[in-house]
Protein chains: 2
Amino acid sequence: MLFAIVEKGGLTEGAALLGKSQPSLSRSLAILEDRVGAALFEPDRRPLRPTELGQALAAEGRKVFLAGKASADILSRYQGGMTGAVRVGGTPFFLDGVISGMIAAFHFKHPDVRIDQIYGYANDLLPRLEDGSLDLAILPMRASSIPQGFSFEQILPGRNVIACRAGHPLARRSAVKLTDIGQYPWIAPPADSPLYQDLRNVLKEIGIKDFKVSFTGGSLSATVSILTGSDALTVLPFSVVFMMRQQRAVSALSIRIGDPDRHLGVLRHDGLKLSPAANRVRNHIRSEFETLATSITRVSQSTVWRP
Amino acid sequence: MLFAIVEKGGLTEGAALLGKSQPSLSRSLAILEDRVGAALFEPDRRPLRPTELGQALAAEGRKVFLAGKASADILSRYQGGMTGAVRVGGTPFFLDGVISGMIAAFHFKHPDVRIDQIYGYANDLLPRLEDGSLDLAILPMRASSIPQGFSFEQILPGRNVIACRAGHPLARRSAVKLTDIGQYPWIAPPADSPLYQDLRNVLKEIGIKDFKVSFTGGSLSATVSILTGSDALTVLPFSVVFMMRQQRAVSALSIRIGDPDRHLGVLRHDGLKLSPAANRVRNHIRSEFETLATSITRVSQSTVWRP
DNA sequence: CGAGTTTCATAACGCAGCGTTATAAAGACC
DNA sequence: GGTCTTTATAACGCTGCGTTATGAAACTCG
């Protein structure tokens, strides 16, 4: 208050700076002078001029004022979602294959938002959402298996493909028959992943009972490395393959397999309100997936890239 | 408050730092978190640890805290009289001859107290005391002429001597007769000074009607210069001559002249309460004059220095 | 793992600081 | 001296924050 008066040279303008009324400042000043026991401004001088003591205290007040301003700034940046830490959980393949790119784009726009990625499956992520050590989880889930107290926003319908390396013998065929597939070895996703379930379902659906697993349990990049270095096949989410289309390292077989009953979405806990930054991340990811969806349909209609 | 909690690592100790109760802090924190709309501390963790946001705000709070502490320091220094500005008025001869030395000693003890000396006589100093542009005035006054609303503390009884240079023909005589004096020229103090009145009274008392004035209107140092460079005489306050005894440039004649009815004292205005620093100056001057008085009696009794 | 200790949260209550508007008074300006 | 600007005062109400008493967690330790 003292700073505002000294800075603006008067009560009226000082009050305006502080967003208060002039009488309020006047009385506050009087009370302060009374408490201090000394005049803070030269008495009876109209261009109000501070005493030495007033000046010295106003200098300290300046620091307080600036700190308050800085605090307001910190706060507004936080509340605008420009600042903060967001813990995003997700299944490894989606996180590595799709989400991390989106997060990179987000981080480019908002460099002061720190984002922690946590890898895990539903049974890991759910408790962490519950105890608040995770803000969002992005994972494929069955609509029916959403536990009480959680909300799930679907962002992409589940769709898997059989993936192979770009130059794979089956890659060029416009239609792949089931019998063609049998002879190739398989790369299995980690056994506790939903994708592994999908793989088993696909193989069961196709009718393959015995299949060679040449590699298992790795990360997405490991899987892709094996994939591109061999003629092995695997099941991958369509979106993951789609995102890798630029590298032209991986293709999807032209064979329709049953869609999984899990759909990719953002899971969060109702009890915990999201921080503004987390909300921004969530909105960002949703909009990114929207554009991804339109991009998928657009590309699918063209002949340039064929899943 | 936030800073205190973060600094001390908990509410209990933080409250102690701020001199408040723990529940007070607890609720203040809760209100703040509610207003901010975000947790400032990790929830349900016993060694209370701030959120990033809490940390950032606490850093600003630290500045506020320090500024508050600095303000308290400024204030206590001011209220202890260690800081401030004191305007001391006085008659030129006393100020130059006696007071300035005391002020120098004071300034040595309290270098942060700024002291402004203002030269003037009663008619200048009184209005300035009244309008607050002066804190104290040190001047010789008649007890009866203290105006309403002023208080006057006598610090030294008025006593004048006839002064001459140290080697003056009259200086060695143990008793000076009136007839001896007549032949020497006189140095007159400024015509508007009380000392000038004293001089006139002395001369009238002595019976000298015509007297040569060889110099007039100067400051004390000018007067002393003339005095030491000639055989001229003048009337000076005894205390001024006493203070100059170390230099052995000026002597006082061994002749008793009537004491002036003015007495040296500290004049101040009742309406204006003194600042702590001004009070310290006042007390300092009073105590200095007390020691001066005892010093005068001690020296007078010895034979080393004879007025 | 349960008892004990520490620490934080909540409740109930009261005071005072500070916000407001309306209005008077005092300087400044011409 | 009249007018305008600026500060001081008054009356009123509400919110913030202080207190003590007490309950509920969470950490510690044998």
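The second largest pocket of this predicted model is lined by 36 residues. Nearest its centre lie R87(A), A39(B), E42(B), P43(B) and T51(B), a group drawn from chain A and chain B. The space in the second largest pocket comes to about 970 Å³. Several elements each give at least two residues to its lining: from chain A these are α4, β1 (84-90), β2 (113-119) and α6 (122-130), and from chain B they are α3 (22-36) and α4. By residue class, the lining of the second largest pocket holds 15 nonpolar, 8 polar and 13 charged residues.

The largest pocket holds about 1300 Å³ of space. Its lining is made up of 41 residues, and those closest to the centre are A39(A), F41(A), E42(A), P43(A) and T51(A). At least two lining residues of the largest pocket come from each of α3 (22-36) and α4 (52-79) of chain A, and likewise from each of α4 (52-79), β1 (84-90) and β2 (113-119) of chain B. Of these elements, α3(A) supplies the largest share of the lining, with 5 residues. The lining of the largest pocket divides into 16 nonpolar, 9 polar and 16 charged residues. At the interface, 21 residues of chain B are in contact with 21 residues of chain A. The area buried between chain B and chain A is about 1700 Å², and carbon and sulfur atoms account for 70% of that area.

Charged and polar pairs were examined across the same interface. Between chain B and chain A, 2 salt bridges are found. R114(B) forms a salt bridge with E52(A), in which the closest N and O atoms are 2.9 Å apart. The interface of chain B and chain A also contains 4 residue pairs in polar contact, with both residues of each pair at pLDDT 80 or more.

On the side of chain B that touches chain A, the elements giving two or more residues are α3 and α4 of chain B. The largest share of this side, 14 residues, comes from α4(B). In terms of residue class, the side of chain B that touches chain A consists of 12 nonpolar, 3 polar and 6 charged residues.

Technical notes
Residues numbered from 1 in each chain as written. Chains lettered and ligands numbered in written order. Predicted model: local features only at pLDDT ≥ 70, side-chain atom pairs only at ≥ 80, totals over all residues. Heavy atoms only, no water. 1 Å grid on protein atoms, 1.4 Å probe; cavity = no way out; pocket = protein on both sides within 12 Å on 5 of 7 lines; lining within 4 Å. Points joined across faces, edges and corners; volume = space filled by probe spheres on them. Helix = DSSP H or I, 4+ residues; strand = E, 2+ residues; numbered from the N terminus. Nonpolar A, V, L, I, M, F, W, Y, C, P; charged D, E, K, R; others polar. Contact = heavy atoms within 4.5 Å. Buried area = accessible area lost by both parts, 1.4 Å probe. Salt bridge = Lys/Arg side-chain N within 4 Å of Asp/Glu carboxyl O. Polar contact = N/O pair within 3.5 Å; in protein donor to acceptor, adjacent residues only side chain to side chain.
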